[in-house]
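Please open the model in a viewer and follow the selections below in order.

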Amino acid sequence: MIDQLFEFVENHPLLVSAFLVVLLAWLAFEAKRGGASGVSTTETTSLINREDGVVIDIRESSEFKAGHIAGAKNIPQSRLKERLPQIEKYKDTPVIVVCKQGQSSGAAVTELSQAGFTRVYKLKGGMAQWQADSLPVVRR
């Protein structure tokens with residue numbers, strides 16, 4: 001199997017090079033878009049407790065009701081744009097965006113940043129990481 005891989009690389013250097021360039025560009029884009037602004041659960045609790053950070057949970061209402069961070073505001077990602085006026089007062093406050101597993105919150109972070117929010121972060125690992133770290137969850 002490894003022999004076939006090396007043979008493929010030798011026979012198709014342009015294709016392999018193009019793949020590597022695309023892979024590196026994608027990794028750089030992801031790092032710039034979400035990784036740089038991601039915060040851990042520890043950093044999140046610090047932002048909430050010390051700087052009155054606001055948690056925006058972009059999951060659907062049913063998932064939110066099943067368990068969310070205390071004080072979080074539920075604004076599903078599909079309705080974020082139309083509900084921006086409700087959170088305008090938090091433009092200069094730390095805003096932590098939470099999704100299910102930390103994968104879809106990057107788009108919401110970008111959208112909020114473009115809307116003028118100055119301190120927007122995503123929770124790395126989302127609610128899955130929050131619960132894995134045994135942090136408190138509110139259910140209603």
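**Domains**

Begin by colouring domain 1 and domain 2, whose C-alpha centres lie 34 Å apart. The domain assignment, whose bounds come from an automatic or database source, gives residues 1–34 to domain 1 and 37–138 to domain 2. This is a predicted model, in which local features need pLDDT of at least 70 and side-chain atom pairs count only at pLDDT 80 or more, while totals for chains, interfaces and linings use all residues. Residues are numbered from 1 along each chain as its sequence is written, and side-chain values use heavy atoms, with hydrogens and water left out.

Next, select strand S4, residues 95–98 (strands are DSSP runs of E with at least two residues, helices runs of H or I with at least four, numbered from the N terminus). Val-95 and Val-97 on one side, and Ile-96 and Val-98 on the other, are all buried (under 20% relative accessible area, with exposed over 50% and partly exposed in between; 1.4 Å probe, protein chains only).

**Helix H5**

Now select helix H5, residues 105–114, where Ser-105, Gly-106, Ala-108, Val-109 and Leu-112 are buried. Viewed down the axis of H5, these buried residues fall within an arc of 160 degrees, so they line one face of the helix (the arc is taken from the directions from the helix axis to the C-beta atoms). Just after H5, look at Gly-116, whose phi is positive, about 105 degrees.

Finally, display S4, H5 and S5 together: they make a right-handed β-α-β unit (with the strands pointing away from the viewer, the path from the first strand over the helix to the second runs clockwise).
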